[in-house]
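Reader: I'm new to looking at protein models. Could you walk me through this one with a few questions and answers?

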Amino acid sequence: MLTPTERKAQGEATGADEELRIQHRIADLERRFGAPDDPGNPLGTAALLAADERGELLAEAEEVLTGFRLNAEFVPRERGGRLDRIDTLGRVLRTVFRRDASLGLGYGATTFLAAVAVWAAGTEEQRRRVAELLLNGGRLAIAYHELAHGNDFVRNEFRATPTADGGFRLDGVKQVINNVVRAEALVLFSRTDEAAGSRSHSVLLVEKDRLPAGRLRYLPRYHTVGVRGCQNAGIEFTDCPVGGDALVGEVGDGVELALRSFQITRSVVPSMILGGGDTALRTAVGFALDRQLYNRSVLEIPHARATLVGAFTDLLICDCLALAATRAVHLLPAETSVYAAAVKYLLPKLLTETTYDLSVVLGANFYVRGGEYGAFQKHVRDLPMISLGHAGTAACQATIIPQLPRLARTAWYGGPPAPDGLFRIRDPLPPLDPARLALVATSDSLARSLVGAAAELAGSGARTGAYRPALTALAGELEAELAALQEECAAMPARDRTVLASPRAYAGADRYALLLAAAACLGVWRQQDRDRHRGTAEGPGPQPAAAGFLAGPGWLTAALARLVKRLGRPLPELPSDGEGKLLDEVLARYHEGRSYDLYDTPLAG
């Protein structure tokens with residue numbers, strides 16, 4: 001029998017091997033795409049922008065993703081794919097979203113959103129067929145949307161009427177469905193009972209080649225301002241029979257299955273789209289270095305420098321929250337409901353505001369749709385589109401608000417903080433098990449980890465150095481905000497826990513999401529700081545060029561200051577050299593071709 005020390009060493013070795021495989025996979029995809037700014041690269045920025053202007057996905061890029069077998073990222077490992085960790089899925093897809101959000105959604109993410117329901121509740125045969133379809137390069141589309149009801153999918157009218165032979169007859173229209181024409185199979189959210197309530201809908205897996213001719217037709221494509229390459233269209237079924245084996249789960253399971261699936265998809269899609277924010281910042285840095293204004297470079301202008309540093313800090317904040325949300329799916333399934341909604345609400349919002357700030361740095365070049373800076377306006381158009389769909393901003397806030405009173409009374413004070421593994425950037429995770437996800441959160445260890453943070457930082461000594469007073473004060477403001485929010489939520493009127501919630505309740509959800517982001521930043525820093533002092537770097541696997549950066553207090557101070565400011569609380573005096581050190585990191589990553597996220601990933605070109 002192994003000793004505890006031997007088991008720990010064995011686990012670290014296994015984790016190192018796993019991390020190395022992930023890094024090689026990402027490097028391979030980067031290599032296949034090549035340098036974005038190479039004018040001779042058929043997959044470069046110029047080609048992707050031209051495809052966007054045509055409203056198409058770049059065919060050559062889709063071929064590369066097929067060769068890479070991107071669909072294997074969406075299929076569980078036990079079924080022949082590569083899916084075992086949600087945080088890894090986000091990391092891999094960033095490589096695609098860094099180039100083109102339309103490609104990320106149109107080739108891959110939409111298929112994953114549909115497949116989750118089958119992995120969560122499908123029969124053995126359904127899972128086998130979907131795995132086979134995807135591993136052979138096929139597509140799935142997820143059909144929740146009906147324009148008349150928006151995010152209120154419980155009111156959807158599309159019908160799957162049960163028949164005497166145990167099958168169903170499909171009637172109705174689904175609209176704005178990405179890849180509905182190109183996909184070989186659809187995951188349909190359908191009304192199977194006329195009665196009101198949560199048991200009125202079911203989910204069906206409908207394979208087009210098993211349908212009789214003439215029972216479905218496609219509706220015209222919807223053209224959008226962002227993600228223009230995505231093939232959004234509608235579909236209409238008329239008296240279309242499907243067998244009983246199309247049912248995913250049980251009759252009436254639709255709402256519960258959707259809510260469980262959303263916890264996974266809401267957690268991971270924001271992690272993917274960080275790639276677009278990375279490219280927006282990288283483009284703005286390149287402009288600031290290259291352009292002259294009043295006989296000096298744009299980078300020498302104080303406002304431009306502050307904006308670039310602020311954008312980098314926002315990307316780190318977003319990635320900290322995305323990390324916690326994706327790892328919570330594995331580690332804290334009883335809490336994931338609120339974390340998934342929070343990251344899906346907050347991250348697109350922050351990135352959209354960040355890219356707007358960066359647009360001021362580019363000035364008139366912000367409007368240019370081609371050339372070396374054309375990628376910027378494309379990502380500005382694409383990012384807000386990610387917050388739409390069946391898990392839009394309002395839907396995420398509506399998930400959070402009813403849970404706040406209970407969490408405020410029972411979950412924010414007392415009990416253990418979030419486990420260290422929630423913030424470990426490269427550590428292994430237990431297998432994904434959607435059945436463990438709770439429909440409502442029964443605990444909230446992430447918010448609880450803010451409690452005592454000020455005292456911890458006050459005693460940090462040389463580890464935080466000159467940043468200690470500011471960090472202590474910032475953590476104190478966050479603790480005070482959590483206490484104030486607890487008091488307000490505990491007294492929340494019953495009306496505010498429904499769809500008739502007041503603006504004050506929605507503001508409370510916003511404050512809560514910002515507090516979770518602050519807790520995630522603190523958690524990431526704690527783990528990096530502890531690793532540095534234990535001499536274990538950042539965990540298993542090869543370390544990035546800036547391995548010590550996250551263990552330093554500078555980025556954490558900047559992150560907490562931005563969050564405290566957003567919460568409307570007073571800011572302490574900050575160290576005068578903080579912005580300069582962060583700008584050095586921004587420029588180093590730009591010149592050395594490394595990503596602007598927690599992983600500091602080497603990029604092609």
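Reader: Is Cys 521 buried or exposed, and what is its relative accessible area?

Author: Quick heads-up: this is a predicted model, where local features need pLDDT of at least 70, side-chain atom pairs count only at pLDDT 80 or more, and totals for chains, interfaces and linings use all residues. Residues are numbered from 1 along each chain as its sequence is written, and side-chain values use heavy atoms, with hydrogens and water left out. Now, buried means under 20% relative accessible area, exposed means over 50%, and partly exposed is in between (1.4 Å probe, protein chains only). Cys 521 counts as buried, because its relative accessible area is 0%.

Reader: How many disulfides does the structure hold?

Author: A disulfide is a covalent bond between the sulfur atoms of two cysteines. Here one is counted when two cysteine sulfur atoms are within 2.5 Å. The sulfur of Cys 230 has its closest cysteine sulfur in Cys 396, 19 Å off, so that is too far for a bond. The total for the structure is zero.

Reader: How far is the nearest cysteine sulfur from that of Cys 521?

Author: Cys 521 is in no disulfide either. Its nearest cysteine sulfur belongs to Cys 320, and the distance is 4.0 Å.

Reader: Which residues of strand S5 point the same way as His 201?

Author: Strands are DSSP runs (E, at least two residues), helices are DSSP runs too (H or I, at least four), and both are numbered from the N terminus. S5 covers residues 201-207, and seven of its seven residues are buried. In a regular strand the side chains alternate between the two faces of the sheet. In S5, Ser 202, Leu 204 and Val 206 point one way, while His 201 points the other way along with Val 203, Leu 205 and Glu 207.

Reader: In strand S8, what is the bridge partner of Val 203?

Author: Two strands pair if DSSP finds at least two bridges between them. S5 runs antiparallel to strand S4 (residues 185-191), with seven bridges, and Arg 191 stands opposite His 201. S5 also runs antiparallel to S8 (residues 247-248), with two bridges. There, the partner of Val 203 is Val 248.

Reader: What kind of aromatic pair do Phe 287 and Tyr 373 form?

Author: Rings of Phe, Tyr and Trp (its six-membered ring) pair if their centres lie within 6.5 Å; planes under 30 degrees apart are stacked, over 60 edge-to-face, and the rest tilted. The whole structure has 10 such pairs. For Phe 287 and Tyr 373, the centres are 5.2 Å apart and the planes are at 80 degrees, making the pair edge-to-face.

Reader: How many residues apart are Phe 287 and Tyr 373?

Author: Phe 287 sits in helix H7 (residues 254-290), and Tyr 373 in the loop between helix H9 (336-362) and helix H10 (374-385). Both residues are buried. The pair links distant parts of the chain, and the separation is 86 residues.

Reader: Which helices are included in what covers the buried residues of H10?

Author: In H10, 10 of the 12 residues are buried, so the helix is largely enclosed by the rest of the structure. One of the buried residues is Phe 376, at 0% relative accessibility. The cover includes H2 (45-54), H4 (86-99), H5 (101-121), H7 and H9.

Note on methods. Contact means heavy atoms within 4.5 Å.
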